[in-house]
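Please take a first look at the chain shown here.

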Amino acid sequence: TVKSMMWAMFLLLIIIYLFAVSFTQGVNMYRIDEGWTGLELEQHENIRLYKYWSSLPRCMFTLFLSITGGISWDEAAIPLSDVGAA
């Protein structure tokens with residue numbers, strides 16, 4: 001039913017939001033620890049880290065694209081390997 005579909009979409013949105021908050025916070029803590037400013041990050045070899053994970057909306061969009069097949073999960077996850085487990 002439509003009601004069940006709406007609840008499933010809401011649950012998916014909440015899951016994406018929670019993971020996006022976690023990934024964004026981890027990436028930004030990594031940026032602070034490495035001493036990167038905005039300009040340095042854009043010129044750094046990890047430009048994909050900035051492209052996919054630098055802000056909450058970008059992170060949510062990256063997760064959405066990864067789930068729906070818009071981009072390969074591998075392409076988005078490789079930059080996170082430098083960040084590591086916090």
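This is a predicted model: local features need pLDDT of at least 70, side-chain atom pairs count only at pLDDT 80 or more; totals for chains, interfaces and linings use all residues.

Residues are numbered from 1 along each chain as its sequence is written, and side-chain values use heavy atoms, with hydrogens and water left out.

**The chain**

The protein chain has six helices and zero strands. Both are DSSP runs numbered from the N terminus: helices are H or I with at least four residues, strands are E with at least two. Of the 86 residues, 26% are buried. Buried means under 20% relative accessible area, with a 1.4 Å probe and protein chains only. Contact means heavy atoms within 4.5 Å. Among contacts between residues at least 6 apart in sequence, 57% join residues at least 24 apart.

Helix α1 has 33 residues, so at 1.5 Å a residue it should span 48 Å. The expected span is 1.5 Å times one less than the number of residues. The end C-alpha atoms of α1 are 47 Å apart, which agrees. Gly 35 follows α1, and its phi is positive, near 75°. Buried residues in α1 include Ile 16, Ala 20 and Tyr 30.

How do the axes of α1 and α4 cross? They come within 9 Å and cross at roughly 125°. That makes α1 oblique to α4. Axes are lines fitted to C-alpha atoms, for helices over the stretch in contact, and angles run from 0 to 180 degrees between N-to-C directions. Angles under 35 degrees count as roughly parallel, over 145 as roughly antiparallel, 65 to 115 as roughly perpendicular and the rest as oblique. Residues of α1 that meet α4 include Leu 12 and Phe 23; those on the α4 side include Cys 59 and Ile 67.

**The core**

The largest nonpolar core has 13 residues, and Leu 49, Trp 53 and Leu 63 touch the most other members.

| Element | Residues |
|---|---|
| α4 | residues 56-68 |

The most comes from α1, with four residues. A nonpolar core is a set of buried Ala, Val, Leu, Ile, Met, Phe, Trp, Tyr and Cys residues joined through side-chain atoms within 4.5 Å.

**Thr 62**

Thr 62 lies in helix α4. Is Thr 62 buried or exposed? Thr 62 is buried, with a relative accessible area of 3%. Not counting residues up to four places away in sequence, Thr 62 touches Tyr 52, Trp 53, Ile 71 and Ala 76.

Conventions
Buried means under 20% relative accessible area, exposed over 50%, partly exposed in between (1.4 Å probe, protein chains only).
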